[in-house]
Amino acid sequence: MKDLSGRTAFITGGAQGIGLGIARRLARAGVKLALVDIDAAALEKARAELEKITEVVTHQLDVRDRDAFAKVADAVEQRLGPVSLLFNNAGVASGVHVSKMNYAMWDWVLGVNLQGVVNGIQTFLPRMIERGAGGHLVNTSSGAGLAPTTAGFLYTTSKYAVVGLSESLRNELQAAGTGIGVSVLCPGPVATGIVSRSLMGRPGASEEINPQAQARLKELDNHLLEHGVPIDAVGEMVLNGILEDRPYIFTDRLVEDLVTERTRNILACLPARSDNSDEAARSKALLAGGGASSSG
Ligand SMILES: NC(=O)c1ccc[n+]([C@@H]2O[C@H](COP(=O)([O-])OP(=O)(O)OC[C@H]3O[C@@H](n4cnc5c(N)ncnc54)[C@H](O)[C@@H]3O)[C@@H](O)[C@H]2O)c1
C-alpha cells in the first residue's frame, strides 16, 4: 500500500499509548480516524487533539464484546466510509504468579489481548474482502510474542497467538490475491502507562491495590516512560511498515538474542535428517498437500 490518504482507520486502544502514536501519524498522512477504547476520558482527550488535523470519531468499546464491536463498526462506516486500515492494538500487560493462576486472569488477558484481536478481524476482514479495495491490518503483539521473556506465561500465551494469527492470515490473504496486507507489531519497551493501567484494571484490582502498591506502580510506569521508545516514534515505524508491507514491525533489537536462542532450541529438537528416500518423498508430499485452509 503506497498512499493511505483519504482511507479510514479503526484503532483499538486508540485513546493513549501506542494507539495514540499511530493515530497521530495517520492523521498527518490524511487518514480519517475511528478510535475505540474502554477509557472514555482518554478517548475524549485524544479526539480533542486529533480533530484539529483530520475527521475523527470515537466510541467507548470493550474489545471483548462482539455485539458491541459490530454495532460500533456499522456506526463508524456510516460516518467515515469503509474501514480499510485496521489496528488491533488494545492490550493489557498484567500477569500473575504461576502458583496463583486462576480462570479470571486467563479470561481477562486472553479476552483482551487475543479475543479482542479476533473480534476486530472477524468484524472487519470479511467486509474488506467483499469490497475488494485492499487494505492493511496491523495486529499488536510484543517482543514477548516471539520468544519467552520475563513478561509471564499469560501475556506470552496471548502474544504468541497474535503472531501466529498474523503470519498465517498474511499468507492466506496474499495467496487469495485480496490486496490486504498484514503486519504484526512486536514492540520492545515503549513509553506508555501500560503497567499501572493494566494492574489497576485487572480482575479484583480494587481489593488489592493499597497505597504502597500504587507507589510501586508509579515507579514502574516512570521507568517505562523514561526509558521506552516514544509513542510518536512508534507511529512513524508503523506507518513505514504499512507502506513497505513488512510482515513484522519492531521498535528495537532487544529480542534478537532471545529469538536466536529459541530458534536454536527448536532446531536442536527436530529429529535427525534421514537418508531414507521414501521418508523424504513422504515429507515432500505432505508439505505439497496444503493445509486446513484448502478444505473450504
Ligand atoms: N508499552 C510497551 O512497552 C509495550 C511493549 C510490547 C507490546 N505492547 C502492546 O502494545 C499495545 C498497546 O499498549 P500500550 O503500551 O500503548 O498501553 P496503554 O495502556 O497505553 O494503551 C492500551 C489501551 O488499550 C485500552 N484497553 C485496555 N483494555 C481494553 C479493552 N478491554 N477494550 C478496549 N480498550 C482497552 C486501554 O484503555 C489503553 O488506552 C498492547 O497490546 C500491549 O500489549 C506494549
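Biologist: Which residues come nearest to the ligand?

Modeller: This is a predicted model, where local features need pLDDT of at least 70, side-chain atom pairs count only at pLDDT 80 or more, and totals for chains, interfaces and linings use all residues. Residues are numbered from 1 along each chain as its sequence is written. A residue is near a molecule if its C-beta atom, placed from the backbone, lies within 6 Å of it. Of the 32 residues around the ligand, the nearest are Gly13, Gly17, Gly91, Thr192 and Ile194.

Biologist: Which helix gives the largest share of the shell around the ligand?

Modeller: Helices are DSSP runs of H or I with at least four residues, strands are E runs of at least two, and both are numbered from the N terminus. α1 (17-28) and α6 (194-201) each supply at least two residues of the shell. The largest share is three residues, and it comes from α1.

Biologist: How do the residues of that shell divide by class?

Modeller: Ala, Val, Leu, Ile, Met, Phe, Trp, Tyr, Cys and Pro count as nonpolar. Asp, Glu, Lys and Arg count as charged, and the others, Gly among them, as polar. The shell divides into 15 nonpolar, 12 polar and five charged.

Biologist: In what order do the seven strands form the sheet, and which strands stand at its edges?

Modeller: Two strands pair if DSSP finds at least two bridges between them. The sheet is open, its pairing is parallel, and the order is β3-β2-β1-β4-β5-β6-β7. Each edge strand has a single partner, so one side of each is left without a neighbour in the sheet; these are β3 (56-60) and β7 (248-250).

Biologist: By what angle are neighbouring strands of this sheet turned against each other on average?

Modeller: Axes are lines fitted to C-alpha atoms, for helices over the stretch in contact, and angles run from 0 to 180 degrees between N-to-C directions. For this average, direction is ignored. The value is 20°.

Biologist: Which residue in β5 is the bridge partner of Phe87?

Modeller: Phe87 is in β4, where Ile11 stands opposite. Four bridges join β1 to β4, and four join β4 to β5. In β5, the partner of Phe87 is Val138.

Biologist: How many residues of β4 are buried?

Modeller: A residue is buried if 20 or more other C-beta atoms lie within 10 Å of its own, exposed if 12 or fewer, and partly exposed in between. β4 is mostly covered. The buried count is six of its six residues.

Biologist: At what angle do the axes of α6 and α8 cross?

Modeller: Val195, Ser196 and Leu199 in α6 meet residues of α8 including Leu217 and Leu224; contact needs C-beta atoms, placed from the backbone, within 7 Å. By class, the contact has five nonpolar, one polar and two charged residues. The axes come within 7 Å and cross at roughly 145°.

Biologist: Is Lys71 buried, exposed or partly exposed?

Modeller: Lys71 lies in helix α3 (residues 66-80). It has 14 C-beta neighbours inside 10 Å, so Lys71 counts as partly exposed.

Key: Contact = placed C-beta atoms within 7 Å.
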